[in-house]
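Dear colleague,

Here is the structure that I promised to hand over to you.

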Amino acid sequence: MRKFLKVFGVLIGLLLIVSLGMFVYTARGVGKDIPLEGRSAVGLEDGRYQGEYEGGRWSNKVEVVVQDEEIIEIIIIDDMRLTTSSFSQEIIENVLTDQQTDTDVITGSTVTSRAYLKAIENALEPQVE
């Protein structure tokens with residue numbers, strides 16, 4: 001019986017350590033301020049533009065399709081960890097509706113929203129030749 005209790009205690013201890021590690025990983029960066037500039041496609045030639053944001057678990061990469069100085073499509077190439085497609089689609093729809101990255105973020109997911117918006121802004125950054 002003692003051996004069982006020792007093994008059980010070790011397993012509970014490991015479970016607590018793993019849980020704490022996951023909590024620290026998912027909470028790291030919360031409250032992080034990601035500055036946004038409110039970019040649009042005005043002045044850009046028709047084409048596909050890629051942008052990314054590097055920020056730990058919030059890192060993502062997108063492709064923005066521009067036609068007639070309007071954003072017509074946003075494709076997620078490399079999505080961030082721990083998010084859902086319905087969430088990312090809501091941010092994309094906001095940008096497509098407003099035609100700029102100065103749009104509403106999703107309440108309760110501000111850092112995640114801003115990380116997507118920053119990747120989109122980086123794609124819309126004026127191209128230097």
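Helix H2, which covers residues 85–98, has 14 residues and reaches 20 Å from its first C-alpha to its last, close to the 20 Å expected at 1.5 Å a residue (the expected span is 1.5 Å times one less than the number of residues). Helices and strands here are DSSP runs numbered from the N terminus, where a helix (H or I) needs at least four residues and a strand (E) at least two.

Before going further, please keep in mind that this is a predicted model, in which local features need pLDDT of at least 70 and side-chain atom pairs count only at pLDDT 80 or more, whereas totals for chains, interfaces and linings use all residues. Residues are numbered from 1 along each chain as its sequence is written, and side-chain values use heavy atoms, with hydrogens and water left out.

Which residues of H2 are buried? They are Phe 87, Ser 88, Ile 91, Ile 92 and Val 95, where buried means under 20% relative accessible area, exposed means over 50%, and partly exposed lies in between (1.4 Å probe, protein chains only). Seen down the axis of H2, these buried residues fall within an arc of 135°, so they line one face of the helix (the arc is that of the directions from the helix axis to the C-beta atoms). An α-helix has 3.6 residues a turn, so residues three or four places apart point the same way. On the other side of H2, Ser 85, Ser 86 and Thr 97 are exposed. The buried residues of H2 pack against strand E3 (70–78) and helix H3 (110–124), and H2 is followed by Gln 99, whose phi is positive, near 60°.

Within helix H3 you will find Glu 121, which is buried, with a relative accessible area of 0%. A polar atom of the Glu 121 side chain lies 2.6 Å from the backbone nitrogen of Glu 37. If its neighbours within four places in sequence are left aside, Glu 121 is in contact (heavy atoms within 4.5 Å) with Pro 35, Leu 36, Glu 37, Gly 38, Arg 39 and Thr 101.

Finally, please look at the loop between strand E2 (60–67) and E3, where Asp 68 has its place. Although Asp 68 is not a glycine, it has a positive phi of about 55°, and it is exposed, with a relative accessible area of 59%. Glu 69 lies in the loop between E2 and E3 and has a positive phi of about 60°, although it is not a glycine; Glu 69 is partly exposed, with a relative accessible area of 39%.

Notes
Polar contact = N/O pair within 3.5 Å; in protein donor to acceptor, adjacent residues only side chain to side chain.
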